[in-house]
Amino acid sequence: MAAAPDTGSTAPVTVLVLQGGGALGAYQAGVFEALSINGHQPDWVAGISIGAINAALIAGNPPEKRLQALQAFWHKTSSRVPFPSPFADGWGRRLFNEAAAGLVALTGIPGFFTPRPLPPALALPGSPEAISLYDTAPLRETLLELVDFDLLNSGPVRFSVGAVNVNTGNFVYFDNRDRWIGPEHVMASGALPPGFPPIIIDGDPYWDGGIVSNTPLDFVLDERGCDPLLVFQVDLFSARGQIPRTLGEAQQREKDIRFSSRTRMNTDVHKRIAELEVAAAGLIERLPAAVLADLRDDPDLAVLRQRTPSGPVTILHLINRPESYETESKDYEFSRMTMLGHWESGKADVLRSLASPRWQRHRAPLTGIVTLDLA
């Protein structure tokens, strides 16, 4: 078993942060399997879109049943194309993936979504049928089958999923520390238009959180307290890539950039904020008592005192890297062969990261944020 970083006397809160990405979400399931084998069960799971579904399968099951729930979900969603491609790579594999994605677009995914019987133009304006191509009612039944929502709401694991209010355009998080979570909150986080209809919660319609931000990392860092965090950030789209050579590659690269949500940039911003908080606290502590007395009513000093340093954070960044045979349709290519490939990639990246000498030598920071990308 790979050793975790030395975090001092206080055990860190383990957080699993899951980006959106449709069929690519099998990578996250593989990450979870490898992490659990190495003793990293999450205290907090936060997700967007397919990440929200994976998060619910984890938080809504006891530790010994989490992997089984993930396997059941991904086995069901990949059952439309259970047979393998005769080609492992190259143009043959690319054509196979495109055909599998086309079949999904025409017929839907078992236990997830089904196509509407009529085109939206023939439906009543304002109805779910008029503003979406698919019905996600099967997903509700799947969630009720595989997720124990009583456990999700009353258990020890914190659960947070992001969605966008269609009326206001505001990003919101549904958190089991603030409200009762049901299947509709998970579905709202994954209601990506125009494929899926908005989900109505307390009278308001919600769409996929990936429209605004495809990762809940910002929320986790904003919500952290004084305890140290060990964050496993699992991204399904890579921000880094190469200049495309074809129109199809251009479409895929655009999608990668759009849904990667600039995770590294956001992490750098939080690092700078943490540095400023530590610097402000140290400066205040060094001020003479007489100066502090003179500034006791100073509004700027009051603001600095409110920004007390949060607990230290270690982020292990795990990124699903694109394959040469993948195309723009990779996030809705649910064939069994591809799903298993994503799953194994997630496991391999975790095992490679935990075996890295940099991970073995790493010690959690006393303050601030440290990011590791070892895969």
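Predicted model: local features only at pLDDT ≥ 70, side-chain atom pairs only at ≥ 80, totals over all residues.
Which residues does K330 touch, not counting residues up to four places away in sequence? K330 touches A23, L24, F237, Q252, D256 and P322, where contact means heavy atoms within 4.5 Å.

Residues are numbered from 1 along each chain as its sequence is written, and side-chain values use heavy atoms, with hydrogens and water left out. The protein chain averages a pLDDT of 92, and 97% of the residues score at least 70, whereas pLDDT stays under 50 over residues 1-9.

K330 sits in the loop between β10 (313-319) and α13 (336-355), helices (H or I, at least four residues) and strands (E, at least two) being DSSP runs numbered from the N terminus. K330 is buried, at a relative accessible area of 6%; buried means under 20%, exposed over 50% and partly exposed in between (1.4 Å probe, protein chains only).

The model holds 16 salt bridges, each a side-chain nitrogen of Lys or Arg within 4 Å of a carboxyl oxygen of Asp or Glu. Three of them are tabulated here.

| Salt bridge | N to O distance |
|---|---|
| K255 and E328 | 2.9 Å |
| D373 and R321 | 3.3 Å |
| D349 and R352 | 2.9 Å |

K255, in helix α9 (residues 247-260), and E328, in the loop between β10 and α13, are 73 residues apart; K255 is buried at 6%, while E328 is partly exposed at 24%. D349 and R352 both lie in helix α13, three residues apart.

Conventions
pLDDT = per-residue confidence, 0-100.
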